[in-house]
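Subject: Handing over the model

Hi,

Here is the structure I promised to pass on to you. Have a look at it first, and then read my notes below.

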Amino acid sequence: MPEPASESPVVGALTLDEVDALAAAAHAGQTDRIGVPYVEHVRAVAAGLAPFGAGLQMAGLLHDVLEDTPLTADDLLRAGVPAAVVATVRRVTRVPGTGYEEMLRQVVTDHSATLLKIADNAHNSRPDRAALLPEADRLRLAERYRAARAVLWPAVAAADVRAVVAVVNPALLAELG
């Protein structure tokens, strides 16, 4: 009998629900640019990755913890997060001194990291969220995210992009053609 979706396939590893709780604790008290609790962003990213399995959903939940919280990759491993999940999180984490474009070029060398970054970009690009930003920020970020999609989307199958975007930001489906 297959394992429930919330279970991790690695013995002793955290379940998806436990990783969600870890992400919620790590981002407790944080809000995004529009004042929404930050955990809602990582949950939206994870939801878009559901078609690709619990491991990628875990990475979606944890994708900002290394940048935005005191947690380290070693902390995640010690907590029971599967090594493959931590590797994906590390792949999408900006390293000081590495520009955004260079980070994207590194991300697209890994299928899981690319899907994760597509989901992150899609959520950050939602029109309802962007509308709440000051105009200058909205325009600057819209261009940044559009340029990122030009790098990310060609790196995976169009069906994979469509699967993520349909859940996270259906408004972007028009860009797929």
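Before the notes, one term: helices (H or I, at least four residues) and strands (E, at least two) are DSSP runs, numbered from the N terminus. Please keep in mind that this is a predicted model, where local features need pLDDT of at least 70, side-chain atom pairs count only at pLDDT 80 or more, and totals for chains, interfaces and linings use all residues. Residues are numbered from 1 along each chain as its sequence is written, and side-chain values use heavy atoms, with hydrogens and water left out.

**A few single residues**

Let's start with Gln-57, which sits in helix H3 (residues 54–62). Is Gln-57 buried or exposed? Gln-57 is buried, because its relative accessible area is 14% (buried means under 20% relative accessible area, exposed over 50%, partly exposed in between, with a 1.4 Å probe and protein chains only). Leaving aside residues up to four places away in sequence, Gln-57 touches Leu-16, Ala-46, Leu-49 and Ala-50; contact here means heavy atoms within 4.5 Å.

Leu-14 comes in the segment before helix H1 (16–26). With a relative accessibility of 15%, Leu-14 also counts as buried. From Leu-14 to Gly-53 there are 39 residues along the sequence, and their C-alpha atoms are 14 Å apart.

Now go to the loop between H4 and helix H5 (73–79), where you'll find Leu-71. Leu-71 counts as partly exposed, because its relative accessibility is 23%. Not counting residues up to four places away in sequence, Leu-71 touches Leu-22, Ala-26, Val-65, Leu-66 and Leu-76. Between Leu-71 and Asp-128, 57 residues apart in sequence, the C-alpha atoms are 30 Å apart.

Gly-177 has a relative accessible area of 84%, so it counts as exposed. The C-alpha atoms of Gly-177 and Ala-158 are separated by 10.0 Å, with the two residues 19 apart along the chain.

**Two helices that meet**

Two packed helices are described by the angle between their axes and the distance between the axes. Here, the axes of helix H8 (residues 111–124) and helix H11 (residues 158–168) come within 9 Å and cross at roughly 35°. (Axes are lines fitted to C-alpha atoms, for helices over the stretch in contact, and angles run from 0 to 180 degrees between N-to-C directions.) The crossing of H8 and H11 is right-handed; a crossing is left-handed if the near helix is turned anticlockwise from the far one by less than a right angle, and right-handed if clockwise.

Which residues in H8 meet H11? They are His-111, Leu-115, Ile-118, Ala-119, Ala-122 and His-123, and across from them in H11 are Asp-160, Val-161, Val-164, Val-165 and Val-168.

**Empty space**

Rolling a probe the size of a water molecule over the atoms shows where empty space is left. On a 1 Å grid over the protein atoms alone, a cavity is a set of points where a 1.4 Å probe fits but cannot get out, and a pocket is an open set with protein on both sides within 12 Å along at least five of seven lines; lining residues have an atom within 4 Å of a point. Grid points are joined across faces, edges and corners, and a volume is the space filled by probe spheres set on the points.

How many cavities of 30 Å³ or more are there in the whole structure? The search finds one. The largest cavity holds about 30 Å³ of space, and its lining is His-63, Asp-64, Glu-67, Val-92, Leu-116, Lys-117 and Asp-120. H8 gives the largest share of that lining, three residues.

The largest pocket has a volume of about 520 Å³. It is lined by 23 residues, and Arg-33, Tyr-38, Asp-120, Asn-124 and Tyr-145 are the closest to its centre. That lining divides into eight nonpolar, four polar and eleven charged residues.

The second largest pocket comes to about 190 Å³. Among its 14 lining residues, Ser-125, Pro-127, Ala-130, Arg-138 and Ala-142 lie nearest the centre. H10 supplies the largest share of this lining, six residues.

Cheers

Technical notes: Ala, Val, Leu, Ile, Met, Phe, Trp, Tyr, Cys and Pro count as nonpolar, Asp, Glu, Lys and Arg as charged, and the others, Gly among them, as polar.
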